[in-house]
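Here are a few friendly notes to read beside the model. Take them in order, with the viewer open.

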Amino acid sequence: MEQTRAALFQLSGRPRIDAEAKEGPAEVRADPDSFWELVDPHKLKLYNFIHKSLSFSEEADDIYQETLLRGLKYLHTYESSRSFGTWLFAIAHNEIRKHFKNARRNDPLPLPESLAVCDKGVDHERVREVFRFAAGLKPKQREVFFLFYDSGLSVAEISRITGVRDGNVKFILNRARNFLRERLGVNHGKT
Amino acid sequence: MERHECLDEDLRRIIRSVERTIPTDLEARVRAEAENRRTQQKPRLPLIRQRIFLVPLSGTVALLLAFLVLVPLARGRREPPITEIRTEFELADNIKIVFIQKPDFPILLTSF
């Protein structure tokens, strides 16, 4: 079955995340209504994670759709004692991976001409610099980057979702920090 | 990790400043597609009608099996055809006379 590695990663003995704490003990049945209820608190983060991981490519909407449809299909495998958010992001990770595998594309992705910046207090050029850096990363590294900075997941959660070891997640993040610290001309954390 | 906190906060703010909202038509499309796939997975006929089809089907299979098993068995029980008749006479001095009757023996038998 289409390798139901289908995102159905091993969840064992891991801490709960913020979003999960809000969810509470969810009664999960394999019916669509409960699925949409569970998806609701995560959908915006999920949508943005997919879009950013694909550098706002037009295919991002299709991957978002496929992620939800696969989630619905395999809902019966989700254990309600676990984090639904992490489970859903793992499915998204698999869909993104499949996308890049099929496209056989590891090159830097082109950024759209303009990025719609919502926060007016943020310098547009810095925003562009950060997203240009992310677009130049390999797909998995880009996912790690956005899962940490955009979705707000911990290193352990990112490791569980992407299958990248904790140490490697930290390495990817540190390299990103070092590069961006220079590019953005900030001195935070320099010793 | 503490020394990265300020930079991390900056980066979070920068990255989250670009936020896309989910188009309403996309949500509707996803739900419609989910419903579509769900109905496709449903059996086309109600269960009772499926059962009605199962009865003649299983009957046919049973008959076929019976035919395949019983026919060879019945064949196995048939008497083997006689292909020859031997008549042996043992005489003194270790002399033995053997008559062998081949395919035309039915005539001989009737004339016995």
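What percentage of the 112 residues of chain B count as buried?

1. The answer is 12%, where buried means under 20% relative accessible area with a 1.4 Å probe, protein chains only. Please keep in mind that this is a predicted model, in which local features need pLDDT of at least 70 and side-chain atom pairs count only at pLDDT 80 or more, while totals for chains, interfaces and linings use all residues. Residues are numbered from 1 along each chain as its sequence is written, chains are lettered from A in the order in which they are written, and side-chain values use heavy atoms, without hydrogens and water.

2. Chain B has four helices and two strands, in the order α-α-α-β-β-α from the N terminus. These are DSSP runs (helices: H or I, at least four residues; strands: E, at least two).

3. Now look at where the chains meet: 45 residues of chain A are in contact with 29 residues of chain B, contact being heavy atoms within 4.5 Å.

4. Five salt bridges are counted between chain A and chain B; each is a side-chain nitrogen of Lys or Arg within 4 Å of a carboxyl oxygen of Asp or Glu. One of them joins the side chains of B:Asp8 and A:Arg177, at 2.8 Å from N to O. On the side of chain A that touches chain B, α4(A) provides the largest share, eight residues.

Technical notes
Buried < 20%, exposed > 50% of the residue type's maximum accessible area, 1.4 Å probe, protein only.
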